[in-house]
Amino acid sequence: MDDANYYAYQYNEMGVKPKKIKILDSTLREGEQHPGVTFSNKQRIQIAWMLDYFGVDQIEISPVVSPDHKEATKTIIKQGLKADIVAHVRALKEDVDVAIDCDATWMATYLGISEIHMKDKLRITREEALRRSVETVEYAKAHGLKMRFTVEDGSRADPEFLMQVCKAISDAGVDRISLPDTVGIMRPNGMYNFVKSIREEIKTPLDVHCHNDIGLALANALAGCDGGADQIHTTIDGIGERTGIPALAETAVALTYLYKSPNNFRLDMLMDLSRLIEQYTTIVPYDSKPIVGPTAYKHKAGTHLAAILRNPAAYEPIEPKIVGNRRRIVFGELAGKNGAAYLMSLLGLEQNEEHAKSVAAGLKNLRMGDLLEIPLDDRLERKIINDTEVKVKAGK
C-alpha cells in the first residue's frame with residue numbers, strides 16, 4: 001500500500017461521491033473588513049492576478065465602498081481573468097447601477113432576513129425585506145447581470161421566512177444563493193441541516209459563507225457542501241470581519257485531498273499567497289496555523305523524529321513541498337536517540353548507538369528547550385527517502 005492515508009480516505013468517502021466544489025475568494029471584500037486592513041489599488045490588482053492564477057472560481061470585490069474600490073473593480077474586470085469578478089453591493093438599485101457602471105458580468109448582493117437584522121439594523125418588515133430582495137434580483141437580471149443573493153444571518157432566520165425568500169428570489173431568476181452563518185453560531189451538523197433544508201426545495205446553486213467566531217468556519221462550510229452547496233467563500237489566511245472566514249489554504253487542501261474535488265488549484269502557491277497578505281497587512285499567521293504556519297511542518301518529539309527520519313508520511317498527511325512549505329527538524333531536550341544520531345550525521349560526527357544515547361541524554365540534561373532547527377533541503381529529503389527505500393528493500 002503506497003498511500004499512508006488510504007484507509008482514512010475510505011472513511012471520508014463512505015457513501016459520498018466526489019463532486020466539484022468551487023471557491024469564491026473574498027480577500028478583496030471580506031478581507032478588507034478585517035480591522036486595520038486596507039489595500040492599495042495596485043495591491044488589489046496583484047492579489048486578484050495571483051488568486052486567478054492559483055485557480056479560484058470567483059473573486060469578490062465591493063465597488064461601492066469608495067471611489068478607489070470602484071476603480072480597482074473596473075481595472076480588475078478589464079484584466080480578462082479566468083475567474084468571475086463578482087461586484088458585491090447592497091440590495092439597492094443605485095448600488096446595482098454601480099456594478100453595471102463597472103462593466104460587471106457578475107454581481108452579488110445581500111440583505112439581513114433574521115428578526116434582529118430586520119428589526120434592529122434595517123428597521124424594515126418581513127414584507128419590505130421580501131419585496132426589496134425580489135426587486136433587486138429582477139432589476140439586476142433585467143440589466144443582463146448574473147447575480148448571487150446572500151440571505152444575511154440566514155442561520156438565525158425563521159426557517160419558513162428563509163424558505164419564502166429563497167423561493168421568491170429563485171423564481172425571480174437569481175443565479176446563486178449564499179447561505180451564511182453570519183455570526184459563526186452553527187455546529188457542522190446544524191450547518192448540514194440548514195443547507196440541506198434549502199437544497200431539498202430550491203434548485204438554484206448554493207454558496208456557503210461561514211464565520212469563524214467559535215473556530216468552526218471551515219468545518220461548517222464543508223458540512224454545508226455535504227448538505228448540497230457547491231461553493232465555499234474564503235480569504236487568504238482567513239482574514240475578515242471579527243475572526244474571519246475559512247482560510248483559502250485549508251479549504252483548497254481539504255477540497256483536493258479530503259473531498260477529491262476535481263479542481264486545478266496550484267497548491268504550491270499557498271505559502272506565497274500567505275506571505276503576500278502578511279506583507280500587505282502585517283498580520284502574521286500564528287505559528288501552528290495549518291498549511292502555512294511556521295510550525296506546520298516542524299518535528300520535535302523524539303518518537304516523531306524517529307518516524308519522520310524513516311518515512312515523513314508517518315506524521316505528515318501531505319508533503320510540505322506540495323503546498324510550498326518546508327520540513328524542519330527541531331533538536332533539543334525532546335530529540336531522543338534517533339534524533340541525536342541524525343544530528344550527529346549531519347554534523348559529520350562519528351555515530352553509534354552509545355554516542356547517540358549520550359548526546360540525547362546531554363540535550364535533555366541541559367534543559368534549555370529547543371537548541372537547533374534544521375530545514376531539510378531537497379538533498380537531505382532525498383537522502384531520507386533513499387535511506388527509507390533501502391531499508392524497505394532490505395526487509396523484503
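A crossover is called right-handed if, with the strands pointing away from the viewer, the path from the first strand over the helix to the second runs clockwise. Keep that picture in mind for the second view below. This is a predicted model, in which local features need pLDDT of at least 70 and side-chain atom pairs count only at pLDDT 80 or more, while totals for chains, interfaces and linings use all residues. Residues are numbered from 1 along each chain as its sequence is written, and side-chain values use heavy atoms, leaving out hydrogens and water.

**View 1. The whole chain, to get your bearings.** The protein chain has 15 helices and 11 strands (DSSP runs numbered from the N terminus: H or I of at least four residues for helices, E of at least two for strands). Of its 396 residues, 50% are buried, meaning under 20% relative accessible area with a 1.4 Å probe, protein chains only. Among contacts (heavy atoms within 4.5 Å) with a separation of 6 or more, 72% join residues 24 or more positions apart.

**View 2. Strand 8 and its neighbours.** Strand 7 (residues 206–210), helix 9 (residues 217–226) and strand 8 (residues 231–234) form a right-handed β-α-β unit. Strands 7 and 8 run parallel, joined by 2 bridges; two strands pair if DSSP finds at least two bridges between them. Look for D207, which stands opposite Q231. Strand 8 also pairs with strand 1 (residues 22–25), again in the parallel sense, over 4 bridges, and here I23 has I232 as its bridge partner. Is strand 8 buried or exposed on its two faces? Both faces are covered: Q231 and H233 on one side are buried, and so are I232 and T234 on the other.

**View 3. L179 in the largest nonpolar core.** A nonpolar core is a set of buried Ala, Val, Leu, Ile, Met, Phe, Trp, Tyr and Cys residues joined through side-chain atoms within 4.5 Å. The largest one here has 90 residues, and L179 is one of those that touch the most other members, along with I47, F54, V208, L248 and L270. Beyond four places away in sequence, the residues that L179 touches include V151, C166, F194 and V208.

**View 4. N263 in a loop.** N263 sits between helix 10 (248–258) and helix 11 (270–281). The N263 side chain has a polar atom 3.0 Å from the backbone oxygen of I21, and makes a polar contact with the S261 side chain at 2.4 Å. A polar contact is a pair of N or O atoms within 3.5 Å; within protein, one must be able to donate a hydrogen and the other to accept it, and residues adjacent in sequence count only if both atoms are side-chain atoms. N263 is buried, with a relative accessible area of 14%.
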